[in-house]
Amino acid sequence: TNFTISSPANAVIGRYNLTLLVTSENKIFSRFLGQFVLLFNPWCPGDDVYIADENERQEYVLNENGIIFVGNAKYIEARGWYYGQFQDDLLNICLTMLDLSLYYRQDPAIDVSRRGDPKYVGRVISSMINGNDNDNGVLLGKWQGSFHSHENPSRWDGSVVILQKWRQDNYKPVQYGQCWVFAGVMCTVLRCLGIPTRLVSNFNSAHDVDRNLSIDKYYDSSGKSLNISKDSTWDYHVWNESWFIRPDLGTSYNGWQVLDATPQEQSK
């Protein structure tokens, strides 16, 4: 006898056990058939991450290589990056990442029940890519001082080594990352889970802390700069966009959604 099993398009992603139960004359026989992993499916029209263009699926889900643009507005540098989302054991590392999050530790049942929602999974992964929340995150950020005792962020050229080192070190944050490293690793994890994802680079990148839509600088009466504003401007910044629909906001917001794993301000 052949059986066909179809999962709902909004089913929770992750590891599943498959068990066959047979009832015969008031007796129940149970047989464990094995395990399988369910992921988001950009090829499935009913899935929130469905992306209609096959070329875009090839690029934003299946492509294991990419270019990250860094530098400054006048001297843009193209840096090669190996995402490697289909390499050995990467999927297990990405699924374990979900189970290590503060979201899961605070309420496992609710956390797992929401894993069919790419909005939610994107937020969890965004939090887990950096280690700034004391949540066993993947990377610690460092932007100044000496890197001699650990890896200089500019030396990384792919995600696989970082994620494997994170696991080998018993999920202690790898040192060190900066924005393009956070974004590269984030892209690997989300593509691995089936969410179409790309990187965005922005030059002369302003970071407004107090939400007044301006970058503020303060000077005293003699013209001396006062270091009292937390607003900042960077030569460049790199973050991610993931493709999924937004039933919570309306169809005009469907499409590319911003996710930023660089720890600049605390989530929520």
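**Note on the predicted model: pockets, hairpin and backbone**

1. By class, the lining of the largest pocket in this predicted model comprises eight nonpolar, twelve polar and seven charged residues, where Ala, Val, Leu, Ile, Met, Phe, Trp, Tyr, Cys and Pro count as nonpolar, Asp, Glu, Lys and Arg as charged, and the others, Gly among them, as polar. Because the model is predicted, local features need pLDDT of at least 70 and side-chain atom pairs count only at pLDDT 80 or more, whereas totals for chains, interfaces and linings use all residues. Residues are numbered from 1 along each chain as its sequence is written, and side-chain values use heavy atoms, with hydrogens and water left out.

2. The space in the largest pocket amounts to about 850 Å³, and of the 27 residues that line this pocket, R123, L259, D260, T262 and E265 are the closest to its centre. A pocket here is an open set of points on a 1 Å grid over the protein atoms alone, where a 1.4 Å probe fits and protein lies on both sides within 12 Å along at least five of seven lines; lining residues have an atom within 4 Å of a point. Grid points are joined across faces, edges and corners, and the volume is the space filled by probe spheres set on the points. At least two lining residues of the largest pocket come from each of α5 (118-129), β7 (197-207), β10 (232-244) and β11 (255-259), the helices (H or I, at least four residues) and strands (E, at least two) being DSSP runs numbered from the N terminus.

3. The second largest pocket holds about 370 Å³ of space, and among its 17 lining residues W143, H207, S232, W234 and Q264 lie nearest the centre. Both α7 (179-192) and β10 supply at least two residues of this lining, with β10 giving the most, namely five. By class, the lining of the second largest pocket divides into seven nonpolar, seven polar and three charged residues.

4. Buried means under 20% relative accessible area, exposed over 50%, and partly exposed in between, with a 1.4 Å probe and protein chains only.

5. The protein chain has 268 residues, of which 39% count as buried, and its secondary structure comes to seven helices and eleven strands. Along the principal axes, the C-alpha atoms fill a box of roughly 95 × 45 × 35 Å.

6. Strands β1 (residues 14-24) and β2 (residues 27-38) run antiparallel and are joined by eleven bridges, two strands being paired if DSSP finds at least two bridges between them. Within this pairing, T19 has F32 as its bridge partner, while V22 is bridged to F29. The two strands form a hairpin with two residues between them, and E25 in the turn has a positive phi of about 50 degrees.

7. N136, in the loop between α5 and β5 (139-141), has a positive phi of about 60 degrees although it is not a glycine, and N136 is partly exposed at a relative accessible area of 30%. Y171, in the loop between α6 (160-168) and β6, likewise is not a glycine and has a positive phi of about 65 degrees, but Y171 is buried, with a relative accessible area of 17%. The peptide bond from Q175 to Y176 is cis, with omega near 10 degrees, and Y176 lies in strand β6 (residues 174-177).

8. An unreviewed UniProt entry carries the annotation "domain: Transglutaminase-like" over residues 171-263; UniProt positions are given in the numbering used here, feature names are shortened, and annotations may be inferred rather than shown by experiment. Over residues 171-263 the chain is 15% helix and 40% strand, with the end C-alpha atoms 18 Å apart.
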